[in-house]
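Here is a short briefing on one protein structure. Keep the 3D view open as you read.

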2 protein chains.
Amino acid sequence: MHRVEAGPLRRFTSQIFAAAGTPADIADTVAEFLVRANLCGVDSHGVIRIPEYIEEIDAGHVKPSERPRIAKQTATTGMIDGRWGFGQPSGVMAMELAVKKARKHGVGTVLAVRTNHIGRVADYTELAVRHNMIGIAMTNCGPAVAPWQGMDKLLGTNPMSFGIPAGKEDPIIADFATSASSEGKIRVMRTKGMALPPGWVLDRDGGPSTDPAVLYEGGVLQTFGIRGYMLNLVVETLGGALTGEGVSDEFKGVNGIFMQAINVKHFTSLRSFTASIDKMVKKMRSSRPAKGFTEVLVPGDPERRTMRERELNGIEINDAIWDSIMQVAKRFGVKPQTTGA
Amino acid sequence: MHRVEAGPLRRFTSQIFAAAGTPADIADTVAEFLVRANLCGVDSHGVIRIPEYIEEIDAGHVKPSERPRIAKQTATTGMIDGRWGFGQPSGVMAMELAVKKARKHGVGTVLAVRTNHIGRVADYTELAVRHNMIGIAMTNCGPAVAPWQGMDKLLGTNPMSFGIPAGKEDPIIADFATSASSEGKIRVMRTKGMALPPGWVLDRDGGPSTDPAVLYEGGVLQTFGIRGYMLNLVVETLGGALTGEGVSDEFKGVNGIFMQAINVKHFTSLRSFTASIDKMVKKMRSSRPAKGFTEVLVPGDPERRTMRERELNGIEINDAIWDSIMQVAKRFGVKPQTTGA
């Protein structure tokens, strides 16, 4: 197990991408997003992705020096062309454009196409929240998930995030896959030798299983119940059909993106809105736990806790993942600044 | 058990509301929405509500002759004041206004306040779908649901619906409570003497139960897992904080409404979009069922099936519900045109 501080890990990550042909500012953005995922405890979207992203560059799928552009826009809507560069700058541009339009007109809606993996969708709704707006971000992805009651790989893990600004309290940041789990989380659990909860995967014969390995032996992810299936189709629609990139197993993109910013001030007073959210957050946290539980949290609390702990104590990265990153680093002649065993 | 045809039931329902002081056009709308809920199999939102709505009129909460108005609007957003009339006309006005704005500007977003119960939220997204738009409808409601891991009644059942237009195939109509169940469904199951699946309710001590009665003895509804909790807070925010009607157990309204119409044509060609949705619907329906299942459906299919069956054979209403409706009808001197025992 390696324990690495966020700052050095960020610089190390950025240097790897820079050495692979990525302009410094883009390399910094990608590194910032990956390490923030680790800080939040979402290790599936953290530096574990470095070798994968480098492979994508090698294969020509990620064009590291390309920058996104606004392909078309109106007063309240927009479409970003990611030009197959790194996904994160496309995601940032999409939400920033949505925020800009919402500032003037109340609601801004921006799609993005030809983007690579944009990482945690919560990063983009947090961006809207910093502007005192409600942020909505969704992205579809390649087929890995079966429809409700089905066993064929026809849907993406299709995550959604909602960010809600508060006043004095922490914002509410909801972020979840519409599958029962992300593929990345199962990958991490397999690496750690853990069993899955029931309802996460089906084996190659369409039967239930708790073994993460079955996913990589012809198995398939499940949606989180029938409601997960419904929401999954919504993301499939907004990210695939509305963007024109295609749906289900004919989706031609990597991430088909839908983002929306809702400007609170356009609809009500910001003060009364944030007072309401503060009250709601406090009511949730102070409510009586059900039997078997010790506390009630709001969405975003678990990530914030982990972030405080990891900013203090560093990020633990297991040997297999660390070795795969070091192999890539060695290839580009990049050395980590500080690592502890 | 009574079996009633939809047409006569609609007229009978409308006549009751008209006799209670509701203008004929509003009475027809309310009757149409209640009976459509029964046709779809969502009996919790059907004519079972007649006695409740009449009580609301008696108590002065529903002002049957009031009509909604547009309180404020911009090019792309709006706010409806329901003036405490029946909720359904407010819901229709909100989505129709959203559609009108989306026709010109791509996305229309309309809130509604001071509305009574608007019924099934799917009715409003279906309205958007008829205009070849994606419809989104959410409403918060009075506190009945506990936060995730909690046991206090702090959240509404807060349903959401998404409607997606197709070409030759049926549209996708997703409609669900962010609680594990609506209160109405549990009411129906109690009436029928059925047990609940686990995870739907906690008893008055915060312990799990499958007895519908515990809900009416100090118990509380649960969210559908942690994701249901996240989405519930989103609806609480859009319906309560953004509308200014208040959140959690301080919500001052009955339904705080958020509706959005997304004009497909604004973003992509309608033909390619509907071709994508058709393809997705077909792929889902023709995919291999998992072990233990015989078919894969798309959201909206179960309601459409029930509707075809009930349009043909009539709507079954159990004696207790029918008697409660007949009591109200008698009071207003209204007689059902046809009923079979």
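Why is strand β12 (residues 255-263) of chain A largely enclosed by the rest of the structure? Nine of the nine residues of this strand are buried, so the rest of the structure largely encloses β12(A). Keep in mind that this is a predicted model.

**Strand β12 of chain A**

- Residues of β12(A) point two ways, and all are buried.
- A:N255, A:I257, A:M259, A:A261 and A:N263 point one way.
- A:G256, A:F258, A:Q260 and A:I262 point the other way.
- Strand β4 (residues 107-115) of chain A pairs with β12(A) in the antiparallel sense, over seven bridges.
- In that pairing, A:I257 of β12(A) has A:A112 opposite.
- Strand β5 (residues 133-140) of chain A also runs antiparallel to β12(A), and eight bridges join the two.
- Here A:F258 of β12(A) has A:M138 opposite.

**Strand β4 of chain A**

- β4(A) is largely enclosed by the rest of the structure, because eight of its nine residues are buried.
- Strand β3 (residues 77-81) of chain A runs parallel to β4(A), with five bridges joining them.
- One bridge puts A:D81 with its partner A:V113 in β4(A).

**Helix α5 of chain A**

- Is helix α5 (residues 122-130) of chain A mostly covered or mostly uncovered? The helix is mostly covered, with eight of its nine residues buried.
- The buried residues are A:A122, A:D123, A:Y124, A:T125, A:E126, A:L127, A:A128 and A:V129.
- These buried residues pack against two helices of chain A, α2 (24-39) and α4 (87-105).
- They also pack against strands β5, β7 (160-164), β8 (172-176) and β12 of chain A.
- A:N132 follows α5(A), and its phi is positive, near 60°.

**Where chain A meets chain B**

- How many residues of chain B are in contact with chain A? The count is 75 residues of chain B, in contact with 75 residues of chain A.
- The area buried between the two chains is about 6300 Å². Carbon and sulfur atoms give 68% of this area.
- B:Q149, B:R227 and B:F267 supply 12% of the area that chain B buries against chain A, more than any other three residues.
- Eight salt bridges are counted between chain B and chain A.
- A:E250 and B:K283 form a salt bridge, with their closest N and O atoms 3.2 Å apart.
- Across the interface, 31 residue pairs are in polar contact.
- Several elements of chain B each supply at least two residues of the side that touches chain A, among them β3 (77-81), β4 (107-115), α7 (225-241) and α9 (270-285).
- Helix α7(B) gives the largest share of that side, ten residues.
- The side of chain B that touches chain A divides into 42 nonpolar, 20 polar and 13 charged residues.

**A sheet in chain B**

- Three strands of chain B form an open sheet in the order β9-β8-β10, with antiparallel pairing.
- β9 (208-209) and β10 (220-221) of chain B are the edge strands, and each pairs on one side only.
- Strand β8 (residues 201-202) of chain B is joined to β9(B) by two bridges, and the two run antiparallel.
- B:P208 in β9(B) has B:L202 opposite.

Methods. Residues numbered from 1 in each chain as written. Chains lettered and ligands numbered in written order. Predicted model: local features only at pLDDT ≥ 70, side-chain atom pairs only at ≥ 80, totals over all residues. Heavy atoms only, no water. Buried < 20%, exposed > 50% of the residue type's maximum accessible area, 1.4 Å probe, protein only. Helix = DSSP H or I, 4+ residues; strand = E, 2+ residues; numbered from the N terminus. Pairing = 2+ DSSP bridges. Contact = heavy atoms within 4.5 Å. Buried area = accessible area lost by both parts, 1.4 Å probe. Salt bridge = Lys/Arg side-chain N within 4 Å of Asp/Glu carboxyl O. Polar contact = N/O pair within 3.5 Å; in protein donor to acceptor, adjacent residues only side chain to side chain. Nonpolar A, V, L, I, M, F, W, Y, C, P; charged D, E, K, R; others polar.
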